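Please look over the sequence and the structure first.

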Amino acid sequence: MQSERVASRSADPRDLRDSRESRNGTPQLDAVSLGIIEQLQEDGRRPYAAIGKAVGLSEAAVRQRVQKLLDQGVMQIVAVTDPLTVGFRRQAMVGINADGDLEPVAEALTAMQEVEYVVMTAGSFDILAEIVCEDDDHLLDVINKRIRVLPGVRSTESFVYLKLKKQTYMWGTR
């Protein structure tokens, strides 16, 4: 089914062009590149030969496409762990309100090892940061002694995870 979807995307010869940059500097992905990404999202260790068969390219062409996608920063190939199984028993999303320029606060959060995700937002919070910690004491330490003391941070609100129901990385090609 996956390869049928890729094949149908690739039927138009105009779609066989390689990834190029759009006017705003972001890479434009053709159907073949999207198919390669989908294959790797299903299994990041899938052999290039198998990917090539699914998207209609040679193994060497897939290898080149993958390298270009990596070089362009379109994707990363990483091992994703379940924090609970590797000793991190507490996760939380922290909403942060700040005064002035948000960039220095976001940069300081990005530099913290426990912070996995930082996004500047419009709405109730200026910044959202996902934190992964060993336990409640570790979480308290990060929030109280490292985040709340950052210059510009006005307030924080923590949302402790009780149970993670869905975490997916498959949104990249829909």
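Helices and strands are taken here as DSSP runs, a helix (H or I) having at least four residues and a strand (E) at least two, and they are numbered from the N terminus. The model is a predicted one, and the secondary structure of the protein comes to six helices and six strands. Read from the N terminus on, these elements follow the order α-β-β-α-α-α-β-α-β-β-α-β.

Among contacts between residues at least 6 apart in sequence, 60% join residues that are at least 24 apart. Of the 174 residues of the protein, 34% count as buried, while the protein exposes about 11300 Å², of which carbon and sulfur atoms supply 51%.

| Element | Residues |
|---|---|
| Strand 4 | residues 115–120 |
| Strand 5 | residues 127–133 |

Strand 4 and strand 5 pair in the antiparallel sense over five bridges, and within this pairing valine 115 stands opposite isoleucine 131 in strand 5. The hairpin has six residues between the strands, and in it glycine 123 takes a positive phi near 140 degrees.

Valine 78 has its place in the loop between helix 4 (59–71) and strand 3 (90–98). Is valine 78 buried or exposed? Its relative accessible area is 55%, and because exposed means over 50%, valine 78 counts as exposed.

Definitions and conventions: Residues are numbered from 1 along each chain as its sequence is written. This is a predicted model: local features need pLDDT of at least 70, side-chain atom pairs count only at pLDDT 80 or more; totals for chains, interfaces and linings use all residues. Side-chain values use heavy atoms; hydrogens and water are left out. Two strands pair if DSSP finds at least two bridges between them. Buried means under 20% relative accessible area, exposed over 50%, partly exposed in between (1.4 Å probe, protein chains only). Contact means heavy atoms within 4.5 Å. Accessible areas come from the Shrake-Rupley method with a 1.4 Å probe; for residues, only the protein chains shown count as cover.
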